[in-house]
Amino acid sequence: MKDIEIETLPGVILGHRNIPVQSVGCYVPAGKFPMVASGHMSVATASVAGVPRIIAATAPFQGRPNPAVIAAMHRGGAHEIYVLGGVQAIGASSITVE
């Protein structure tokens, strides 16, 4: 996609601009029903887009991470993987480490 800017009426400018991100957090549900495809769809997409820091998190089930979900996140290109569920995982992925 290319940046586009069009003036449709005098003073009315429409379009879109691509702004790269430096970090992304991907949450892959895996409690009772592991969503392995979510690992592929979110982590692999960020990896292909060239995001330099990809954080992935998944919920444990009965105290353990789901091996298929961990494998999907790892193979997808996650740089950091956390076994942490819910809003806590989203909060942890927003922490910037310099």
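Predicted model: local features only at pLDDT ≥ 70, side-chain atom pairs only at ≥ 80, totals over all residues.
Reader: In what order do the strands of the open sheet lie?
Author: The sheet is open and holds 3 strands, whose pairing is parallel. Strand S3 (23-28) and strand S5 (80-83) are the edge strands, each pairing on one side only, and the twist averages 20 degrees from one strand to the next. The order is therefore S3-S4-S5.

Reader: Which residue in S5 is the bridge partner of Ala-56?
Author: Strand S4 covers residues 53-58 and runs parallel to S5, to which 4 bridges join it. In S5, the partner of Ala-56 is Ile-81.

Reader: At about what angle to S3 does helix H3 run?
Author: Helix H2 (residues 67-76) lies across S3, S4 and S5, and runs at about 175 degrees to S4. Helix H3 (residues 86-93) lies across S3 and S4, and its angle to S3 is about 165 degrees.

Reader: Why is Met-35 classed as partly exposed?
Author: Met-35 is placed in the loop between S3 and helix H1 (36-49). A residue counts as buried under 20% relative accessible area and as exposed over 50%, with partly exposed in between. Met-35 falls into that middle class because its relative accessible area is 40%.

Reader: Which residues is Met-35 in contact with, leaving aside its neighbours within four places in sequence?
Author: Met-35 and Thr-58 are 23 residues apart in sequence, and their C-alpha atoms are 9.6 Å apart in space. With neighbours within four places in sequence left aside, the residues in contact with Met-35 are Val-28, Pro-29, Ala-30 and Val-69.

Terms used
Residues numbered from 1 in each chain as written. Heavy atoms only, no water. Pairing = 2+ DSSP bridges. Helix = DSSP H or I, 4+ residues; strand = E, 2+ residues; numbered from the N terminus. Axes fitted to C-alpha atoms, helices over the stretch in contact; angles between N-to-C directions. Contact = heavy atoms within 4.5 Å. Buried < 20%, exposed > 50% of the residue type's maximum accessible area, 1.4 Å probe, protein only.
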